[in-house]
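Dear colleague,

I am passing on the structure we spoke about, with some notes on what turned up in it. Please look it over with the notes beside you.

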Amino acid sequence: MSGGLFGSMGISASGMSADRLRMDVVAENLANADTTRGANGQPYQRKEVILQEAPGGSTFADTLAGAQAPGTQSVGGGVEVTGIVADPSPPRRVYDPGHPDADAQGYVTLPNVNPVTEMVDLITSSRGYEANVQAMNAAKQMFTRTLDILH
Amino acid sequence: MGLFDVTQIALEQALAGSAQRQQLLANNLANADTPGFKRSDLDFHATLAGALANGASPAQIESLQFTPQTDTTSSMQADGNNVDVDTEMAKLSQNALDYESLVSVANARLKMLSTAIGYGQ
C-alpha cells in the first residue's frame, strides 16, 4: 500500500484541479465564441484540455513504501493535464458584409466554438469536480474514524 | 501465540486493503474523462477470505499483498474510457462503510484486550 488515505486525497485533489482547469478553458471558449480578433489578429481558436493518468509512486512516501515492501504495486497517481491545445477544426464563416473583419466576398470568419459543446463540457467537468469532492470527503471521513481507535 | 490473534491481524490487513481500494476508486473518478483510461479495483475481501480458508498463519496474513485488477475488457465511452461515475460513487460509499465497520470491530477487540491487560485502570 502506498500513501494510504492521504494518497487518495491527493488523487482526488488532482482530479479537482484538472476539472477546474477544464472549466476555466470552457469559460474562455464561451467568452470568445464570437471573437474575430484574437491575440495574433486571427479569429479566436477553440482550446481543449488534454488529460492523462498521472504515474503513481513518485512521491517520497511511495518511494519509502516501495523500499520497505519490494514488489508492492503502486496505485495510479490521479490525473494530470498534459497541455492545452487549439482545436484544429475549421472556423465558422458567416455572411456579414458590414462587419469590419469581413473579407472581399463579405464573409466574416468566426471562431470554431459551438456553445452547445461548451455547455456539455462545462456540465461534465462540474459533475466530475463534485464526484472528486465526494471521494475526498469519503477519505476524510475514513481517516477521522481511524483516529477514533482506542478513544 | 502473540498478543494479536489471526482475526485482529486480518482486520488490520482489511483496513489496509480498504484504504488501498479507496485510492484506486479515487483514481478512477479523477480519470473519469481521461481518454483510454481503464478502471482498476481491488478485491481484498476475496484475497483475505482465501488466505483464511487455507488456514494461513498470522505471519502469512500479515505479509499478504493486494494486487489491483484493471478491467480492460469493457468500454463506457467512445474514447475507450470505461469509468461509470455512478458505479464508482456507489463503490466508494460501500468502501467507506466497509472501512468504518472494520474500524468498529477492530476497536471493540482492542478494547477487550486492553480490559484484559488492565490498561487504563
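**Core and interface**

In this predicted model, the largest nonpolar core is made up of 37 residues, and those with the most contacts inside it are B:L29, B:L48, B:I61, B:L92, B:Y99 and B:L102. At least two residues of this core come from each of helix 1 (4–31), strand 1 (47–53) and helix 3 (115–147) of chain A, and likewise from each of helix 1 (6–30), helix 2 (44–53) and helix 4 (85–116) of chain B. Helix 1 of chain B gives the most, with 11 residues.

Turning to the interface, the contact takes 38 residues from chain A and 31 residues from chain B. The area buried between the two chains is about 2800 Å², and carbon and sulfur atoms give 63% of that area. On the side of chain B, the residues that lose the most area to chain A are B:Q23, B:D33 and B:E100, which together account for 20% of what that side buries.

Between chain B and chain A there are 2 salt bridges, and the side chains of B:D33 and A:R22 meet in a salt bridge at 3.1 Å, N to O. Polar contacts across the interface link 9 residue pairs, both residues being at pLDDT 80 or more. Helix 1 and helix 4 of chain B are the elements that give two or more residues to the side touching chain A, with helix 4 of chain B supplying the largest share, 12 residues. By class, that side has 16 nonpolar, 12 polar and 3 charged residues.

With best wishes

Note on methods. Residues numbered from 1 in each chain as written. Chains lettered and ligands numbered in written order. Predicted model: local features only at pLDDT ≥ 70, side-chain atom pairs only at ≥ 80, totals over all residues. Heavy atoms only, no water. Core = buried A, V, L, I, M, F, W, Y, C linked by side-chain atoms within 4.5 Å. Buried < 20%, exposed > 50% of the residue type's maximum accessible area, 1.4 Å probe, protein only. Helix = DSSP H or I, 4+ residues; strand = E, 2+ residues; numbered from the N terminus. Contact = heavy atoms within 4.5 Å. Buried area = accessible area lost by both parts, 1.4 Å probe. Salt bridge = Lys/Arg side-chain N within 4 Å of Asp/Glu carboxyl O. Polar contact = N/O pair within 3.5 Å; in protein donor to acceptor, adjacent residues only side chain to side chain. Nonpolar A, V, L, I, M, F, W, Y, C, P; charged D, E, K, R; others polar.
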